[in-house]
Amino acid sequence: MRLRLALAVAGAAALAGAPAHAALTGDPGPAPAEARSCKGGLEFGMATSRIPFACGAYPVQTRITPTGRQEKWQYKGGYLFFIDGILTAIRQIAP
């Protein structure tokens, strides 16, 4: 019964255009190309590995503290701040 339910859920996800594993694991998979642009692709809570390549982001400062690893990255529009690899703040530079 569980296998049939899992296959039905995966099939429904495929019809909706999502990868089959998305319905089973909750992983949405890769973001659409338009959402992967730097301007629209940054979200609080995302990992450093999910920062869109279009941002051109790179680390400029890393500090190890008793509470965790803090990183500051520079990107085309300003700075990104991470704690333990998770995006916690965005500082945009006015044009």
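Before listing any neighbours, I note the cut-off: a contact means heavy atoms within 4.5 Å. I also remind myself that this is a predicted model.

**Entry: Tyr-75**

I started with Tyr-75, which sits in strand E2. Leaving aside neighbours within four places in sequence, I found Tyr-75 in contact with Cys-38, Leu-42, Cys-55, Gly-56, Ala-57, Leu-80, Ile-90, Arg-91 and Gln-92. I then looked up the pair Tyr-75 and Cys-38: they are 37 residues apart in sequence, and their C-alpha atoms are 8.9 Å apart in space. Is Tyr-75 buried or exposed? Tyr-75 has a relative accessible area of 8%, and buried means under 20%, so Tyr-75 counts as buried.

**Entry: the sheet**

Next I went through the strands. Four of them form an open sheet, ordered E1-E2-E3-E4, with antiparallel pairing. At the edges I have strand E1 (58-65) and strand E4 (86-92), each of which pairs on one side only. From one strand to the next, the twist averages 20°.

Then I checked the pairs. E1 and E2 are joined by seven bridges and form a hairpin with two residues between them. In this pair, Tyr-58 stands opposite Gln-74 of E2. E2 and E3 run antiparallel too, joined by six bridges.

**Entry: the core**

Which residues make up the largest nonpolar core? I wrote down ten: Cys-38, Leu-42, Met-46, Ile-51, Cys-55, Trp-73, Tyr-75, Leu-80, Phe-82 and Leu-87. Strand E2 (68-75) and strand E3 (78-83) each supply at least two residues of this core.

Not counting residues up to four places away in sequence, Phe-82 touches Met-46, Thr-48, Ile-51, Arg-69, Gln-70, Glu-71, Trp-73, Leu-87 and Thr-88.

**Entry: the salt bridge**

How many salt bridges does the structure hold? I counted one. In it, the side chains of Glu-71 and Arg-69 meet at 3.5 Å, N to O.

Glu-71 is buried, at 12% relative accessible area. Arg-69 comes out at 38% and counts as partly exposed. Both partners were already on my list of residues that Phe-82 touches.

Key: Residues numbered from 1 in each chain as written. Predicted model: local features only at pLDDT ≥ 70, side-chain atom pairs only at ≥ 80, totals over all residues. Heavy atoms only, no water. Core = buried A, V, L, I, M, F, W, Y, C linked by side-chain atoms within 4.5 Å. Buried < 20%, exposed > 50% of the residue type's maximum accessible area, 1.4 Å probe, protein only. Helix = DSSP H or I, 4+ residues; strand = E, 2+ residues; numbered from the N terminus. Pairing = 2+ DSSP bridges. Axes fitted to C-alpha atoms, helices over the stretch in contact; angles between N-to-C directions. Salt bridge = Lys/Arg side-chain N within 4 Å of Asp/Glu carboxyl O.
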